Protein chains: 2
Amino acid sequence: MRRGLRAKQREPESHRQVPAAKVIRRRLPPFTPFDEDNLALIERCADDLLCETGMDFRGDPESLALWRDAGADVKGERVRIERGMARHLIRATAPPSFVQHARNPRRSVEFGNDHLVFAPGYGMPFVSKLGEERHYGTLGDLDDLVKLTYLAPCLQHSGGVTCEPTDIPVSHRHLEVAYSHLRWTDKPFLGLGTSGVAAVDTIDLLRLTFGREFVDANCCTASIINVNSPLVLDHTMLEALKTYAAANQATIVTPFVMGGAMGPVTPAGMVIQVLAEALAGAALTQLVRPGAPVMIGVMLSGLNMKTGAPTRGAESWLSMLVMGQLVRRLGIPYRGGAASTSAKVVDSQAGQEAADMLLMTVLAGVNFLIHAAGHLDAGLCMSFEKFVQDCDHLEMIARFADGIDFSEDALAMDAFREIGPGQHYLSSQHTLSRYRDAFHISEVLDTGSYEQWRDDGCLTAAQRASSIWRKRLELYEPPPIDAALDASLRDFIERRKEALPASG
Amino acid sequence: MRRGLRAKQREPESHRQVPAAKVIRRRLPPFTPFDEDNLALIERCADDLLCETGMDFRGDPESLALWRDAGADVKGERVRIERGMARHLIRATAPPSFVQHARNPRRSVEFGNDHLVFAPGYGMPFVSKLGEERHYGTLGDLDDLVKLTYLAPCLQHSGGVTCEPTDIPVSHRHLEVAYSHLRWTDKPFLGLGTSGVAAVDTIDLLRLTFGREFVDANCCTASIINVNSPLVLDHTMLEALKTYAAANQATIVTPFVMGGAMGPVTPAGMVIQVLAEALAGAALTQLVRPGAPVMIGVMLSGLNMKTGAPTRGAESWLSMLVMGQLVRRLGIPYRGGAASTSAKVVDSQAGQEAADMLLMTVLAGVNFLIHAAGHLDAGLCMSFEKFVQDCDHLEMIARFADGIDFSEDALAMDAFREIGPGQHYLSSQHTLSRYRDAFHISEVLDTGSYEQWRDDGCLTAAQRASSIWRKRLELYEPPPIDAALDASLRDFIERRKEALPASG
């Protein structure tokens, strides 16, 4: 941690243009509606599934060897894991919480315990801006989104592929994505997990930035590792998982299950499968490098059997809650939730669906929420307007997570003595000394009168949000970066681009 | 209850056009984040407030006499209530749960315990429909809203003044409102609590409908009694409270506090005041008639100090949660929450705010949710489109309240044995036997592809909702009513209108 301290002392004034991220430590406990019997039942079933059916680790002899050496039953690519073994591997060495370091040490984040970290949407191929045609994302869009994330106090984490930079060849994207996060922000970011090559390059860029020794000893990036549900981890994902874990970087093992398609149609069945998959994936990281930071991620949805589209509703909310209880029993950080919607525009459906999932995320005790802002069209589109509205919503969510202040002053007994029945509190000392911060005053939500709203042009929330992000981008100033470091990052990237054939 | 049974046997076929309301009994426990120490602290402070500061019961010597006889300290109109006395009065005789009877016994509802009953918005002066200018509500609008409520399976309760029928003189409104609910639906409804006269007339109409003896022995209506916060109950409210309670009809004692204006600016302070006011009001009903059904209602909001407008956010959510825990300790039903928004149109703000409050309502363990559908512009406007979207949302909320099925079949262990790693579950027996009801398929939310949405005309959720309510009203058929009863109701109403000077 010495480097962190040194960097802090050196920090130039302009580095402080943007306030330190709002650290959210929940004082409100998570919602835990399910009892010990039900939780133990799900755990037993997940153990049975791993032991009897097992899981495929495909195209990666090294992973199979790790499992075999650990004592699992390996036949071909099928790995059957003794009851309790995966849980034991995780509990024995995976850290219950860890810090992901940011280029600016003031913006490092902690995952685990009562910490709540928000990152914007991830992996959207399309981008939408009010008044423009929806289009495929570009590197310019990604840079803009990274800048807007930098300016959003409630997004403590910069995310990763906030939109796909489709104007960059697939084989080069991980380089430009990492550069965008290393250059236009100084918040922590997600390295791509799309291949082993992407993982190796991302780690090399981090070594240039933080120093080789620091990266080996500290978590400087995190990467989503999607399970190919049901019960498969493929070569691509295994390569990325192994590379990041070996380098002591965080992996977020995330099954993504649409009930009825990639898993059973019942919430209980979905959760059993997801827990089994997450156990196996997270345990493998500990076989690769004991102590490597790892989170369990969960993405669950229903399925509209008529259209084949994912639906987000009560089943997803309930599954997120029970998974929260299960992951906390494992004792590692929990990633889940999303301000997600199937809506194609920022309409009342988008607002409703995003709020449902966002609240449930916080109630489930999630530690890391990717897709906290901008998610539209079931994750296919990043909306700049929804990004702004979601960020505003997160400020409210942060207040919620803070719980109620029961201190003597907050009880207001003196105010009651001052103000009698039928009198108002507007001019009471208790109100006057607190009104500035008493309630979140939103930039996006309109709470004025109908007449004022009409005189202001009858704007929707999306229209107000549109002006806000345009104004913010105009005022954006990049965080400082050492010119030599910047040159070495660009040099590395250009050399790698030459070495990697442009594909996709 | 004999009448109820007789009516059920007599029920004509056409009475069944609309399915029995969806009875929601929560299997998911409420969210109870606050501990015994904090709850007891709030109770002590509320007791102190009632004992030291006291509450005004204005313009009503009878109420003061009731308090004096019960042993309270009455000076002028100020009543100071000994610590624990109000709580004791409520606990001693107020029913922990009760049935409100509907004209059609199949649609009677129960309040209390694990029951969750939804009613539409209440008291909105304006009405909005997509593509039309917002206008003052009329009796025609009210009738339409009563019909739409009749057709909504998740609105088990018909509500009351769903919009203000401003084309009817104020002094006559309670009569036409009651008639609308007695004629165009057969679900239970809220009697007006705007005056003692309104209460008396409403009870007379119920006696014509249910029979005098039945009404005296059973709850056939419920009425909102707003506290004039801080710490005042005025003559109008006291008249209505006494009249309904004396007739064994339910009252919903509801303080409505904007923090910083009608109460302290802190959530803890607001909750102390609200609890004190609710205790005093509910206890008075038991002095009027021990055993009279009573609920505690809570409406709390923040205040935008710049505009004076209410803001709904974390403070409201948290206060609703803690009040849920406190009301359950009292052991009577809890009314609270709203699908509320300050938005002026059905946009992403409307969707977000309504979802936030609606979810929190359910988590708070509310038994009766008025304002479950249609609420717009901070309660000034009833939106037909939002009504439809909110009703759809309630269906999802009902699924959520149902919790997770952990039965052996739901665990899907056979399905896991049938489908191996990497296979899909679409054609598994487990999926096929359940997919029809597995997930809520919304009429309002779009979950299809972007291309399909574009080909369907790029509609917003509000536009889809607009078609839905128009179609529903076209298909509406009134529930049957005995012609003689109908004539006697109209006769009573016309006679009362002649007797009451048209005012307002």
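Mentor: One term to start: buried means under 20% relative accessible area, exposed over 50%, and partly exposed in between, with a 1.4 Å probe and protein chains only. This is a predicted model: local features need pLDDT of at least 70, side-chain atom pairs count only at pLDDT 80 or more, and totals for chains, interfaces and linings use all residues. Side-chain values use heavy atoms, with hydrogens and water left out.

Trainee: How many salt bridges over all chains?
Mentor: The search of the whole structure gives 70. A salt bridge here is a side-chain nitrogen of Lys or Arg within 4 Å of a carboxyl oxygen of Asp or Glu.

Trainee: Take B:E176. Which side chain does it meet?
Mentor: B:R490, at 3.0 Å, N to O. The two are 314 residues apart: B:E176 is in helix α6 (residues 170-183) of chain B and B:R490 in helix α20 (residues 483-499) of chain B. Helices are DSSP runs of H or I, at least four residues, numbered from the N terminus.

Trainee: Is B:E176 buried or exposed?
Mentor: Buried, at 5% relative accessibility. B:R490 is partly exposed, at 22%.

Trainee: Switching to chain A. What does A:D56 pair with?
Mentor: A:R58, with the closest N and O atoms 3.0 Å apart. A:D56 is buried at 8%, and A:R58 is partly exposed at 32%.

Trainee: And B:R207, which partner there?
Mentor: B:D204, at 3.5 Å, N to O. Both lie in helix α7 (residues 196-210) of chain B, 3 residues apart, so about one helical turn separates them.

Trainee: Which residues do shared partners join into one network?
Mentor: A:D48, A:E52, A:R83, B:D414 and B:R417.

Terms used
Residues are numbered from 1 along each chain as its sequence is written. Chains are lettered from A and ligands numbered from 1 in the order in which they are written.
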